[in-house]
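Good morning, and thank you for coming.

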Amino acid sequence: MDMQATKKKVGLKEKYAHMTRGLGWETTYQPMNKVFPYAEFEGIKIHDWDKWEDPFRLTMDAYWKYQAEKERKLYAVLDAFAQNNGHLGVTDARYINALKLFLTGISPLEYVAHRGFAAAGRNFPGVGPRVACLMQSLDEVRHAQTQIHALSNYNKHYNGFHDFKHMIERVWYLSVPKSFFDDAFSAGPFEWMIAIGFSFEYVLTNLLFVPFMSGAAYNGDMGTVTVGFSAQSDEARHMTLGLECIKFMLEQDPDNLPIVQKWIDKWAWRGTRVLTLVGMMMDYMLPKRVMSWKEAWEIYFEQNGGALFNDLARYGIKVPECLSQTAIDKEHISHQAWATFYQYGGASDFHTWMPTDEEMDWLSAKYPNTFDKYYRARFTHWRDEAEKGKRFYNGTLPMLCQVCQIPMLFTEPSDPTQICYRESEYQGEKYHTCSDGCKHIFDDEPEKYIQAWLPVHQIYQGNCFNEGVDPTAPGFDPLAEVLKWYHVEHGRDNLDFEGSEDQKNFAAWRGLATKNV
Amino acid sequence: MAVKALKAYKFDAADTQDKFHGNQLLYVGWDKHLMFCAPFAFALPSTTRFGDLCDKILSKSFGYHPDWAKVDLAKAVWKKSGQPWQPDMNKTLAELGLKHKDALRFETPGLNGIQGSCS
């Protein structure tokens, strides 16, 4: 006789219980601490994983449905964008360089985030965070893919988009975001969650996504805007996961507080340094600006972040110790970074340029304390020289910070005219850092940072040339050989925007679209 | 503090001098001339004469700056690791006690960059 199946549908709460907590079990062939070897070594004490509260209560079956719907909408827009030559609708071809920075510097990080959350999901013994990490891991690979698909439309028409996967492992400035994620991924699962889940996804994510996605909207790039919208509800879930994770750690044991605080201090600073690239993008690479980096920093970090840390104060968490320095840096770093990319514009896969007079006036208005005093003369001088045919390309390699790997371009908090030098010694060897924040991180775990793959040192060691290249051959040109190894085509992908193939093509194609020829 | 790890955590430093094919790293920055965004990194034999470093190498790296023509390096004020330091143009890096990854900076009194902006 057939069994009578019950018609009753499982309620949401019950379904959530079955699809998360119900999926876990206590292992018997091997002890739990052998199955989850990464759960304890960082010193974080968890007494009861069942106390984990998942604010979203999302289960995998619902997850697939939501994501599939979002994908359908996104790809409809991307197809329309491609078929209508959407790329010709952007404000100015200079804007496209912000997309190159995004594809080379951000999309590969989405992929590493995918791997990192998969690992965290594997390594946590608690079922609640395992399921949440699994979903975030899938989100992140989706974000990497959708970004790559959206930007592949630009790759058909413009230079510099062709080999981001190769470049992330090699190109000098990309070691900055890469080493940031490598640092987090090579830590334990709890530090990963504070580094990426909390500091990056919660405290700093608005400073990454709002500038790029609003920047896309302001500059007529509907394809990229749609990628942003498609990721938005995922990001909201990621932020909540990061926050839940930190609260969970703090509620489980009072001994966790100093460890969590140390990680917050470290990763707030590491994140801030990486975001220097975003600051420069906002202030210099968007033909139509959204807001200044300083304004974004004040809204999203100082005000929103301030409210968050007020909320966490009841656990004994203090605001990150770098706050006083970032309040000074926000007036400088975007100008210092753009000056760096401009002068090393021979060695990157995107174009650089000097701002117009009108743009400099905008910068003066947004940075009344610093732009005219410290930067305008430099930029005007470079522009004048370029007009005389002497565009400045710095041909000597810069000194890098051992921790953030950014060239030592930052100035002393007390003196914006003086480069900030910090030095440590470990096992008889000298190490240089760009700031108190990076020095502090180095001194805390020198064994980790002495292994840093610093692009400048690697070039001098001879590790950045294609096989068979002989650096001792007569007439050897190291920069040319390094560019070949980067897969950056000299004269096409790099150098000034003025006179570039991108500039000429965009003007010609837009002309065809808007004029009778 | 040591790295917390499951096993003994011991790895080689990536940039020890033996990896630079007989050269040593030397960093040099020109104070109040931020047109050069960061100090420079050079890989040089320890037998390099300091005068040659100044005349042949630094002049090439810093020469784009309009102030460079007015620089008299004999009168520059040098620092090593932030402490006052006196070079001798006729001595080599080794003779001056400069070690792998030492950081030098110099000031050129009276010269303060483009329109005095320290650029």
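In helix α17 of chain A, residues 357–366, the buried residues are A:Glu359, A:Met360, A:Leu363 and A:Ser364; buried means under 20% relative accessible area, exposed over 50%, with a 1.4 Å probe and protein chains only. Seen down the axis of α17(A), these buried residues fall within an arc of 145 degrees, so they line one face of the helix; the arc is that of the directions from the helix axis to the C-beta atoms. On the other side of α17(A), A:Glu358 and A:Ala365 are exposed. The buried residues pack against α13 (276–285), α16 and α18 of chain A. Helices here are DSSP runs of H or I, at least four residues, numbered from the N terminus.

This is a predicted model, in which local features need pLDDT of at least 70 and side-chain atom pairs pLDDT 80 or more, whereas totals for chains, interfaces and linings use all residues. Residues are numbered from 1 along each chain as its sequence is written, chains are lettered from A and ligands numbered from 1 in the order in which they are written, and side-chain values use heavy atoms, without hydrogens and water.

I turn to the two chains. Their contact, meaning heavy atoms within 4.5 Å, takes 54 residues from chain A and 46 residues from chain B. Between these chains the count is two salt bridges, each a side-chain nitrogen of Lys or Arg within 4 Å of a carboxyl oxygen of Asp or Glu. One of them joins B:Asp102 to A:Lys430, with the closest N and O atoms 2.7 Å apart.

How values were computed: Helix = DSSP H or I, 4+ residues; strand = E, 2+ residues; numbered from the N terminus.
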